[in-house]
Amino acid sequence: MTPPRTDSKTVRVKKGKAQRARFGPWLVGLGAALWGTESAWRIPLNNLFDAQVIVFWEHVLILLMFLPILMPQLGELRKIDATAWGFVLFSGFAGSAVGTIFFTLALKNGNPTVVNVILNIQPIISTLGAFLIFGDRLTPRFFLYAGIAILAGIFLSVEYPTLIGVSFEKAGLNLGTGYALVCALFWGLSTVAGRGVMTRIPLRLAASLRVAVGLFCMTIILLIYGRLNGSALWPVAAQTHAGTAIVLLLLLASISGGIPLLIYFEGLRLTRASTAGYFEMLQTLAAVCITWGFFHATLHWHQVVAAIVLIAAVTMVQRTQASVEDAAR
């Protein structure tokens with residue numbers, strides 16, 4: 001019997017898709033690693049601007065970068081249904097605006113290395129959010145590893161654990177840890193909303209709308225706090241170091257903002273969610289290299305152990321949930 005002929009064009013298309021799929025996880029990792037560089041610009045910017053103002057300028061510059069992507073797709077806006085708009089609005093508000101404000105405040109008020117490592121708790125929050133909103137299954141081992149991750153996060157946050165019984169202040173707990181946990185909550189829930197967006201809106205349009213919504217939210221926040229004026233948007237410190245301020249804002253918006261956002265989403269389109277989770281850990285690696293190596297934000301030995309346990313526990317959470325994903329296919 002003669003085997004069926006395979007069209008050469010079909011073979012080339014399948015081969016091209018397979019090659020792109022192999023690059024997908026590495027694109028996710030590259031995007032995450034570039035996100036991890038933001039501490040290099042955000043920490044010195046904290047000396048020039050208020051946290052809300054930094055996030056505002058960040059959104060302005062990213063939206064300007066995304067205009068060539070957004071403008072040709074404006075006709076698609078009428079096709080977006082109410083549910084998709086709800087996910088977009090929440091993602092822009094929680095992830096792009098409010099979450100980023102708390103991250104900036106966390107870097108300003110806490111140990112930047114602790115802040116960046118503790119943000120790895122996000123997958124636990126997003127997994128619980130997906131369970132509540134999308135009805136995703138949770139494996140019994142999820143609760144075991146999530147509990148270990150939370151305990152590790154507590155020990156990571158405490159600089160002197162033997163003094164917890166005396167007072168939280170003497171134990172080394174500070175506002176930075178609290179801000180980091182709030183940021184993890186908003187970013188974790190934003191990831192769930194982002195999943196809802198991705199199922200209904202093209203990725204480039206979704207990314208652009210998220211930034212646009214974030215800018216709108218930041219404008220309202222600055223208006224409420226009375227900072228939508230020249231003296232707050234460009235304070236004396238920024239005027240004194242105008243060149244430094246402009247360069248840092250451009251680096252934050254490009255290398256650590258718009259560029260990784262597009263790379264990450266393109267990689268996510270070609271990568272299973274469970275696989276992407278492992279490569280997202282490169283964000284922590286890049287962030288710790290910067291905060292520890294350049295800003296000398298070191299950890300005590302028990303914090304190093306706690307950080308390793310936290311990352312390992314979150315990795316196991318993603319691994320156990322991957323088995324649910326495989327069973328659902």
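Student: In which loop does His 296 lie?
Tutor: A word on the model before we look: it is predicted, so local features need pLDDT of at least 70, side-chain atom pairs count only at pLDDT 80 or more, and totals for chains, interfaces and linings use all residues. Residues are numbered from 1 along each chain as its sequence is written, and side-chain values use heavy atoms, leaving out hydrogens and water. Helices are DSSP runs of H or I with at least four residues, strands are runs of E with at least two, and both are numbered from the N terminus. With those names in hand, you will find His 296 in the loop between α15 and α16.

Student: Is His 296 buried or exposed?
Tutor: We decide by relative accessible area, found with a 1.4 Å probe on protein chains only: buried is under 20%, exposed is over 50%, and partly exposed is in between. The value for His 296 is 61%, so this residue counts as exposed.

Student: What is the phi of His 296?
Tutor: Most residues other than glycine have a negative phi. His 296 is not a glycine, yet its phi is positive. The value is about 55 degrees.

Student: How far does α15 reach from its first C-alpha to its last?
Tutor: The expected span of a helix is 1.5 Å times one less than its number of residues. α15 has twelve residues, with an expected span of 16 Å. The model comes close to that, reaching 16 Å.

Student: What is the volume of the second largest pocket?
Tutor: On a 1 Å grid over the protein atoms alone, a cavity is a set of points where a 1.4 Å probe fits but cannot get out, whereas a pocket is an open set with protein on both sides within 12 Å along at least five of seven lines; lining residues have an atom within 4 Å of a point. Points are joined across faces, edges and corners, and the volume is the space filled by probe spheres set on them. For the second largest pocket this gives about 160 Å³.

Student: Which elements give two or more residues to the lining of that second largest pocket?
Tutor: The lining includes Thr 284, Leu 285, Val 288, Ala 307 and Ile 308. The elements you asked for are α15 (282-293) and α16 (301-328).

Student: How many nonpolar, polar and charged residues line the second largest pocket?
Tutor: Ala, Val, Leu, Ile, Met, Phe, Trp, Tyr, Cys and Pro count as nonpolar, Asp, Glu, Lys and Arg as charged, and the others, Gly among them, as polar. Sorted this way, the lining has ten nonpolar, one polar and no charged residues.

Student: Where in α3 does the kink lie?
Tutor: The 20 residues of α3 (residues 51-70) should span 28 Å, and the end C-alpha atoms are 27 Å apart, which agrees. The helix is mostly covered, with 15 of its 20 residues buried. A bend is the angle between axes fitted to the seven residues ending at a residue and the seven starting there. The kink, about 35 degrees and shortly before Pro 68, lies at Leu 64.

Student: How far apart in space are Leu 48 and Ala 238?
Tutor: Leu 48 is found in the loop between α2 (38-45) and α3, and it is buried, with a relative accessible area of 11%. Its contacts beyond four places in sequence include Pro 235, Ala 238 and His 241. Leu 48 and Ala 238 are 190 residues apart in sequence, but C-alpha to C-alpha their separation is 5.2 Å.

Student: Which residues does Asp 136 contact, again leaving aside neighbours within four places?
Tutor: Asp 136 sits in the loop between α6 and α7 (140-157). It is partly exposed, at 25% relative accessible area. Its contacts are Ala 130, Phe 131 and Arg 195.

Student: How many helices and strands are in the protein chain?
Tutor: Of the 329 residues in the chain, 49% count as buried. Among contacts with a separation of 6 or more, 87% join residues 24 or more positions apart. The count you want is 16 helices and zero strands.

Methods
Contact means heavy atoms within 4.5 Å.
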